[in-house]
Amino acid sequence: MRRNYIVQGIFWVLVYLVLVSAPLLILLLGPVPEGREFWRELSVALGFAGLAIMALQFALTARFKWLKAPYGADIVYHFHRQISFVALVLILAHPLLLFVFSPQTLALLNLFSAPWRARAGVTAVLLLLGLIGASIWRKSLKIEYTNWRVWHGILATLVIALAIIHVVLARHYLNTPWKQALWVTYGVFWVGLLVYVRVLKPILLLRRPYEVESVTPERGNAWSLTVRPVAHPGLKFMPGQFAWITALSSPFADAEHPFSFSSSASQPGHLTFTIKELGDFTRQVKNLQPGQKVYVDGPFGHFSIDRQPHAEQFVFIAGGVGITPTMSMLRSMADRGDKRPVTLLYANKDWDSIIFREELDSLKNALHLNLVHVLEKPPAGWDGETGFVNRAVLERHLPKASKRNSVEIFICGPQPMINAVENALTQLGVPFGDFHSERFDLV
Ligand SMILES: Cc1cc2nc3c(=O)[nH]c(=O)nc-3n(C[C@H](O)[C@H](O)[C@H](O)COP(=O)(O)OP(=O)(O)OC[C@H]3O[C@@H](n4cnc5c(N)ncnc54)[C@H](O)[C@@H]3O)c2cc1C
C-alpha cells in the first residue's frame, strides 16, 4: 500500500508541475512573436504560471479522495497555503517587469483612464492581496471562520474570473494556437471544478443522506453524535480518518466541519463523531434530534494504523478531544481481535474531563493496552504522571523499537502539544517516518 501511495504521490506532483510550468515551457520552446521582446513575454508567462497555480488551488481544496490519499489532507492544505505565496510572487512579477521595462505602462494603474483589460487585471491583483491578507491575519482580525470561508471562496472565484477577463481582453497574449489551446483547457477545467464543488458534490451528498441516531453526552464537554445511512450502504473508512459533516444546513450552504470518526471501522453502519463544544457549530451538536438529516463527506486522511500494517506495536499520544481518532483505532483493534501491544499516553486537564475514561479502562481487557493518564491538575493522592507529555514522560513509557517502523506513533491533540511531542521524539532519535500527527486545525 505504501508503495502505491508513493507512486500516486509522485504522479500528482508531476502533473501539477507540468500544468504550472506549461506557460513557461511554451514561452521557452515556442517562437517569440514578432515585435515582442523576451522580457515582455517572460512577464506574461510568469503571470500565466501564477494564474495556473491559482486555478489549481480549487483542485487542491475540492476534496478529491484520490488526490489527498497519498499525502493526507493537512499536507494538501499546508501546500495550498504555502503555494499561494508563490502564485502571488509570480502574479506580481507580471506587472512589475512591465513597469520596469516599459515605464509608460504605469499609466495602466489609473483605473479611471485605463482600458478594461488593465482594470480587470489590477482589480484581480488587489482582490488577491485582500484574499491572502485576510487568510494570514484572520484570527488577529477576528474574522469568524465561517464568514472567512464564504468570502475566501467568493474572492478566489472573482480573482480567477477577472484574471481570465484580463487575459481574453489583452487578446495578443493568446497569439499562438498553443497558448489558445492551453488557456481554453485551463478555463474549461476551472469552470468544471467550480461546477463540481458548488453544484455536483452537494447534489451527490443530498442523494446519500444520513440521519441522527443518537446524541449522547461525554466527559470533557463533548457529545457523541451517531448517524446511520438512509437508504444507501454508507461508507467504509480506515480507523483514525475523518469526514466533513454538514448538519443543520444544506450541503449547498458550504457550512461543513471536519470531525474524526470515533467509532469502530468494523461497524460502518453506525458512524460516531465525538465533538467538543468550542464554537458556533460545535455548541449546537447537542440540540440535534434523532431522525434529523446530516450529510457526511468522507473518508479523508492518512492518520491510521491501517496505513502502517507492518507495525509490531503502536503508541498513541492524545490530548483532550484529540482522543477521537485514537478511540476509533482502539475500538477497531478490539473488534478485529488485534492483540498487538498498544501504549496510550492520554493528557487531560483533570480526572473528570477525561473523555471515554471508563471505556478506555475496560478496553484493557480486550486489548494488550498500557494506559497512561497524564494530568495537568491531578486529584489529591494521584501517583500517576502529571503536567504535560514531555521528553521525560516519553522516555519513561515509550517501548523500545527493535527496528525502524516496528513501533508506529500517532499524535493528536492541541497544536502546542503536538509540536512539543514531535520535538521530543526527534530529540529521542525516533525516525521521522515513525510518528504521525493529526492537527485539528486545517486553517
Ligand atoms: C482533521 C480534523 C479532525 C477533527 N476532528 C475533531 C473531532 O473528532 N472532535 C472535535 O471536537 N473536533 C474536531 N476537529 C475540530 C473541529 O473541526 C472544529 O473544532 C470545529 O469545526 C469548530 O467549529 P465551530 O463552528 O464550533 O467553532 P468556531 O468558533 O467557528 O471555530 C473555532 C476554530 O475551529 C476551526 N474551524 C471552524 N470551522 C471549521 C471548519 N469548517 N473546518 C476547519 N476548521 C474549522 C477554525 O480554526 C476556527 O478558528 C477536527 C478538525 C480537523 C481539521
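**Salt bridges**

Modeller: Glutamate 211 and arginine 228 form a salt bridge, in which the closest N and O atoms are 3.0 Å apart; the term requires a side-chain nitrogen of Lys or Arg within 4 Å of a carboxyl oxygen of Asp or Glu. This is a predicted model, in which local features need pLDDT of at least 70 and side-chain atom pairs count only at pLDDT 80 or more, while totals for chains, interfaces and linings use all residues. Residues are numbered from 1 along each chain as its sequence is written, and side-chain values use heavy atoms, with hydrogens and water left out.

Glutamate 211 belongs to strand S1 (residues 210-218) and arginine 228 to strand S2 (residues 222-229), so that this pair links distant parts of the chain, 17 residues apart (helices, H or I, of at least four residues and strands, E, of at least two are DSSP runs, numbered from the N terminus). Arginine 228 has a relative accessible area of 32% and is partly exposed (buried is under 20%, exposed over 50%, partly exposed in between, with a 1.4 Å probe and protein chains only).

A further salt bridge joins glutamate 358 to arginine 219, with the closest N and O atoms 2.6 Å apart. Because glutamate 358 lies in helix H9 (residues 357-366) and arginine 219 in the loop between S1 and S2, the pair ties together parts that are 139 residues apart in sequence. Glutamate 358 is partly exposed, at 45% relative accessible area, and arginine 219 is also partly exposed, at 26%. These two residues belong to a network of salt bridges that links Arg219, Asp352, Arg357 and Glu358.

The pair of arginine 149 and glutamate 256 also forms a salt bridge, and here the closest N and O atoms are 2.4 Å apart. Arginine 149 is in helix H6 and glutamate 256 in the loop between S3 and S4, so this pair ties together parts that are 107 residues apart in sequence. Arginine 149 is buried, with a relative accessible area of 14%. Glutamate 256 likewise counts as buried, at 10% relative accessibility.

The structure holds 16 salt bridges, and those described above are among them. In general, side chains of opposite charge can pair when their charged atoms come close.
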